[in-house]
Amino acid sequence: MKAQIIEDLTARIKENPNFYITDIEGLNADATAKLRRNCFKQDIKMLVVKNSLFAKALENCGIEDRKAFEGVLKGSSAIMFTTTPNGPAKLIKSFSAADGKGKPELKAAYVQECPYIGAENLDALCNIKSREELIADIVALLQSPVKNVISALQSQGGGKIAGIVKTLSERE
């Protein structure tokens, strides 16, 4: 039974490269159900696991920084698995603020192959950009100089663009 759970956790860690370890102790049944619904809507898989089994799964995955999680794998732990790096951080922040009890509380996270230990990292985790957001930022930066040149040329009058093009074509 334990071997099967460890195997399942190992597979989940390999499928979802980002995970958050949270403390949801003290949430009543209604709040827990609401948290699970919010996780489902955001494609976050939340599991309550035994700390020793999760530690074994981390070892099986060969995560080099797994020792960093030893201090937080105590008490009740719920693991949030995701492919979106900042999704659980935003969910934890908004849900704990709305709950009033400060739960769920971030214990640690493993995002983009880096461990984040402690609740003080929640804001930094919220600001991590996904791959798609980074690509969009790069494209916008690359387009910016071209747009500025075209805008400057157009603001000087359309006739100048034709003159510049004619001059350039005559040089060849």
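How many residues does the largest nonpolar core have, and which of them have the most contacts inside it? In this predicted model, the largest nonpolar core has 21 residues. Those with the most contacts inside the core are Tyr 20, Leu 35, Cys 39, Met 46, Met 80, Leu 106 and Leu 125. At least two residues of this core come from each of helix H2 (29-41), strand E3, helix H4 (87-99), strand E4 (105-111) and helix H5 (122-126). Helix H4 gives the most, with 4 residues. Another core, of 18 residues, lies apart from the largest one; Ile 13, Val 49, Ile 63 and Ala 108 are among its members.

The protein chain contains 7 helices and 5 strands, and its elements run α-β-α-β-α-β-α-β-β-α-α-α from the N terminus on. The chain has 172 residues, of which 35% count as buried. Among contacts in the chain with a separation of 6 or more, 77% are between residues 24 or more positions apart.

Aromatic pairing was examined next. A search of the whole structure finds 6 aromatic pairs. One of them joins Phe 19 and Phe 69 in a tilted arrangement, with 5.7 Å centre to centre and 45° between the planes. Phe 19 belongs to strand E1 (residues 18-23), whereas Phe 69 belongs to the loop between helix H3 (51-61) and strand E3 (77-82), so the pair ties together parts that are 50 residues apart in sequence. Phe 19 is buried, at a relative accessible area of 0%, and Phe 69 is likewise buried, with a value of 0%. The rings of Phe 19 and Phe 81 also pair: their centres are 6.5 Å apart and their planes lie at 55°, so this pair is tilted. Because Phe 19 lies in strand E1 and Phe 81 in strand E3, the pair ties together parts that are 62 residues apart in sequence. Both Phe 19 and Phe 81 are buried. One aromatic cluster is formed by Phe 19, Phe 54, Phe 69, Phe 81 and Tyr 110.

Tyr 110, a member of this aromatic cluster, is also one of the residues that line the largest pocket. The space in this pocket amounts to about 180 Å³. Its lining consists of Ile 13, Lys 14, Pro 17, Cys 61, Ile 63, Tyr 110 and Glu 113. By residue class, the lining divides into 5 nonpolar, no polar and 2 charged residues.

Thr 22 is found in strand E1 and is buried, with a relative accessible area of 0%. Not counting residues up to four places away in sequence, Thr 22 touches Ser 76, Ser 77, Ala 78, Met 80, Ile 92, Pro 104, Glu 105 and Lys 107. Of these partners, Met 80 is also one of the residues with the most contacts inside the largest nonpolar core. Asn 38, located in helix H2, has a relative accessible area of 18%; because buried means under 20%, Asn 38 counts as buried. Leaving aside neighbours within four places in sequence, Asn 38 is in contact with Leu 91 and Phe 95.

Glu 59, in helix H3, counts as partly exposed, at 41% relative accessibility. Glu 59 and Thr 10 are 49 residues apart in sequence, and their C-alpha to C-alpha distance in space is 8.7 Å.

Asp 43, in the loop between helix H2 and strand E2 (45-49), has a phi near 60°, a positive value in a residue other than glycine. A positive phi is also found at Gln 112, another residue other than glycine, with a value near 50°. Gln 112 occupies the loop between strand E4 and strand E5 (114-117) and is partly exposed, with a relative accessible area of 42%.

Note on methods. Residues numbered from 1 in each chain as written. Predicted model: local features only at pLDDT ≥ 70, side-chain atom pairs only at ≥ 80, totals over all residues. Heavy atoms only, no water. Phe/Tyr/Trp six-rings, centres within 6.5 Å; stacked < 30°, edge-to-face > 60°. Buried < 20%, exposed > 50% of the residue type's maximum accessible area, 1.4 Å probe, protein only. 1 Å grid on protein atoms, 1.4 Å probe; cavity = no way out; pocket = protein on both sides within 12 Å on 5 of 7 lines; lining within 4 Å. Points joined across faces, edges and corners; volume = space filled by probe spheres on them. Nonpolar A, V, L, I, M, F, W, Y, C, P; charged D, E, K, R; others polar. Core = buried A, V, L, I, M, F, W, Y, C linked by side-chain atoms within 4.5 Å. Contact = heavy atoms within 4.5 Å.
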